[in-house]
Amino acid sequence: MMNVKPIPAEHLPELLRGMPKAELHMHIEGSLEPELIFALAQRNGVAIPYASVEELRRAYAFTNLQSFLDIYYAGASVLLTEQDFHDMAWAYLQRAAADHVLRAEMFFDPQTHTARGVAMATVVDGLHRACQDAKAKLGVDAALILCFLRHLSEEDAFETLEQALPYRDKLIGVGLDSSEVGHPPEKFARVFARCRELGLHIVAHAGEEGPPAYVWAALDVLKAERIDHGVQSTRDPALMRRLAQDRIPLTVCPLSNLKLCVFPDLAQHNLGVLLDAGLVATVNSDDPAYFGGYVNENFVQTFAATGLTAQQAWQLADNSFAASFAPAADKQAWRERVRAYFEGF
Ligand code: ADE
Ligand code: ZN
């Protein structure tokens, strides 16, 4: 990467909003806006324990990961039909396109739905149809990553994998999410070994609230190719060297970390520390409907709070495509588009 000419701080938001980017860490169920939750609840005759959109939004005052997950799983209970899953993903992909996202790798949590009697086919077919529409109508390249819920058993994860096998071609990888502390990666060693045999890409949430030991286990036991969050890694210098040497991307979600009280304020976020250590860090929205912003909002607010530079913006955009699971030729073409954007700004 060349040096970018210095850009006045007042032009940074415009630079960040318009730059081509990939989003690699977002849970599609976390893109359900309160308005859509209410619309789907009505369409499906599902009761939700909130009287209005405003009351639901007021409940979004989280103190940690679990306090968020309780509301997030309740929100997802309005999803029943293939059309529901399509509409949710389509709404997100339109917002992603507006944020100049060229590639979106979306997580979904099938166990949240199959446990309520929704078929795997309903979930995957609806999400996949939205991905096809995004390519055709928005020019956004979208892909799906199936996440196992780590608060459930490995046996449940195996059963979920079995149910997903007919849809193997519609998935690029598998991940691990939900309540982190008390559910270390080792709990899922065998199911991830099976996923690797199937040729699926491997990612895992680690080091969001959990200790560096969970990041080590995600790498060494699950063979994760990317770490989701990973912000606790700065507590372990040997782990930082490993992540840098092996160029393991971290999909960082600053507004999520702020809303779940991982950092007391954005100014204290360690994204700059990760970049300065040479790590392949990226910026992502996690659960944008719950955490106060889509990916561009994450970029703009984090840069304003921490003083990151235009050079670091280019690094983050370049990292996002380098870290994606798209074909090498696509990644190269996108990285050239990023270069052209920064050279022409
Ligand atoms: N599921 C949705 N968002 C999550 C997060 N930030 N951490 C773990 N599991 C999640
Ligand atoms: Zn996440």
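How do the residues lining the second largest cavity divide into nonpolar, polar and charged? Seven are nonpolar, one is polar and none is charged. (Ala, Val, Leu, Ile, Met, Phe, Trp, Tyr, Cys and Pro count as nonpolar, Asp, Glu, Lys and Arg as charged, and the others, Gly among them, as polar.)

## Ground rules

This is a predicted model, where local features need pLDDT of at least 70, side-chain atom pairs count only at pLDDT 80 or more, and totals for chains, interfaces and linings use all residues. Residues are numbered from 1 along each chain as its sequence is written, chains are lettered from A and ligands numbered from 1 in the order in which they are written, and side-chain values use heavy atoms, with hydrogens and water left out.

## Two cavities

Searching the whole structure turns up two cavities of 30 Å³ or more. (On a 1 Å grid over the protein atoms alone, a cavity is a set of points where a 1.4 Å probe fits but cannot get out; lining residues have an atom within 4 Å of a point. A volume is the space filled by probe spheres set on the points, which are joined across faces, edges and corners.) The second largest cavity holds about 40 Å³ of space, and I37, I48, P49, Y50, L56, I71, A74 and G75 line it. Helix α4 gives the most to that lining, with three residues. (Helices are DSSP runs of H or I with at least four residues, strands are runs of E with at least two, and both are numbered from the N terminus.)

The largest cavity has about 100 Å³ of space. Its lining counts 14 residues, with H27, L65, L69, S178 and H205 nearest the centre. Here too α4 gives the most, with five residues. By class, this lining has five nonpolar, four polar and five charged residues.

What sits in the largest cavity? Ligand 1 does (more than half of its atoms lie within 2 Å of the grid points). Around ligand 1 are H27, L65, F68, L69, Y72, D177, S178, H205, E208, H229, D286 and D287 (each with a heavy atom within 4 Å). Helix α4, residues 65-76, gives the most to this shell, with four residues. The shell splits into four nonpolar, four polar and four charged residues.

Now the polar contacts (pairs of N or O atoms within 3.5 Å). A polar side-chain atom of D287 is 2.6 Å from a nitrogen atom of ligand 1. A polar backbone atom of S178 lies 2.8 Å from a ligand nitrogen, and for an N or O atom in the H229 side chain the distance to a nitrogen of ligand 1 is 3.4 Å. The protein buries 100% of the 260 Å² that ligand 1 exposes when taken alone (Shrake-Rupley method, 1.4 Å probe).

## The open pocket

The largest pocket has a volume of about 170 Å³ (a pocket is an open set with protein on both sides within 12 Å along at least five of seven lines). Its lining includes H128, C131, K135, D141, L144, D169 and I172. The elements giving two or more residues to that lining are α7 (120-138) and β3 (141-149). By class, the pocket lining has six nonpolar, two polar and four charged residues.

How values were computed:
Polar contact = N/O pair within 3.5 Å; in protein donor to acceptor, adjacent residues only side chain to side chain.
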